[in-house]
Amino acid sequence: MSTVNGSTWKPLALTLTPEVLAETLDGGQSFRWNLHTDGEWIGVWGECVAKIAQADDGSLSWSAPDAIADHVGHELINYLRLGPGLAEQIDTLPWRSDAHLAKCLETFPGLRILRQPFGDTLLCFMCSATKQIVQIKQMVALLAKRHGREIAPGFNRLPTWAELANVSELTLRGCLLGFRARYIHQTASFLAENPGWLEATEALPYPEAKERLCLLPGVGEKVADCVLLFGAGRLEAFPVDVWILKTMERRYGLTNWKPAQVAQFGRAHFGTLAGLAQQYLFAYERRATKTSPIQPRPNLSDSTSGLSSDK
DNA sequence: AGGCAGGTGGCCA
DNA sequence: TGGCCACCTGCC
């Protein structure tokens, strides 16, 4: 179930605050990591399952089922982008002339863009339309459980697009997908009829790749940008969702700007790593909302003294 | 108890 | 191009 019996713990060349770790694994980039009561994260991506534990000093270590531990250890480097270069990339962002960006960068030190499998990322973000993270996680958990292959005892990968092509729309609806089921079914059919299409798309330069992704039913600019940013390492992709719309209005004065205009502003202002900047802005805005809600939820039960008088 | 949620596609001026 | 609306349904 929720345990990974496996290899010994090995160190990761990464130290983060618990909050940044949570924001990285479970902040809306990926939907298959869960924090367990013992404080360990367990996650699945591609054919990998891993546990990540954090020491009091913030340093991280990982473990995986013995049978796939070597593979996981290799993939983890890529998935978490543990190679050098992040600090240099951050430094090229326009934080020197953008005080709000500077604030976001210092609030989430070490926050990074994951490098997830392309097809999996497409599936997850096709599920994401008008859903919150909790619900997206439920959908993909069910998709994996019911239609994905088992990769370790108790853990399934997400179904591949080839596998999804054999699942009816009605069956997909059983995974809480709602109207997204039709899009996913149609996309699976299209991809089954066009072998290599997805792989070719992943290899294309950003503008062409985005244009092609938008041809898929259920994929618009926002989803395409998320897939390219989180599933293909295209750091110039700048997804504009309701959160970014809100933060660009609040922090940059872009009142009543439309998504396409905000996207253009983002690319112009933040440059070729706009997507990286976007992730910091996104994290900051989510935290600001959690800390001091713009619209505090009224506690209706306080309006009576505990005795409810009906009628 | 209902409204709302990290969009997209289609239809109308 | 721009604005509106239907599309599913489980959470808060």
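I am working from a predicted model: local features need pLDDT of at least 70, side-chain atom pairs count only at pLDDT 80 or more, and totals for chains, interfaces and linings use all residues. Residues are numbered from 1 along each chain as its sequence is written, with chains lettered from A and ligands numbered from 1 in the order in which they are written.

**Domains.** I looked up the domain assignment of chain A (bounds from an automatic or database assignment). Domain 1 is 10-83, domain 2 is 87-110 + 238-293, and domain 3 is 118-232. The C-alpha centres of domain 1 and domain 3 lie 23 Å apart. Eleven residues of domain 1 are in contact with eleven of domain 3 (C-beta atoms, placed from the backbone, within 7 Å). On the domain 1 side I noted six nonpolar, three polar and two charged residues. Here Ala, Val, Leu, Ile, Met, Phe, Trp, Tyr, Cys and Pro count as nonpolar, Asp, Glu, Lys and Arg as charged, and the others, Gly among them, as polar.

**DNA strand B.** I found 20 residues around DNA strand B, the closest being Gly28, Ala129, Gln132, Gly220 and Val223. "Near" is a C-beta atom, placed from the backbone, within 6 Å of the molecule or strand. Helix 12 gives the most to this surface, three residues. Helices are DSSP runs (H or I, at least four residues), numbered from the N terminus. By class, I have nine nonpolar, seven polar and four charged.

**DNA strand C.** Thr130, Val134, Gln135, Gln138, Arg173, Leu176, Gly178, Phe179 and Arg182 surround DNA strand C. Helix 6 (residues 133-147) supplies the largest share, three residues.

Key. Helix = DSSP H or I, 4+ residues; strand = E, 2+ residues; numbered from the N terminus. Contact = placed C-beta atoms within 7 Å.
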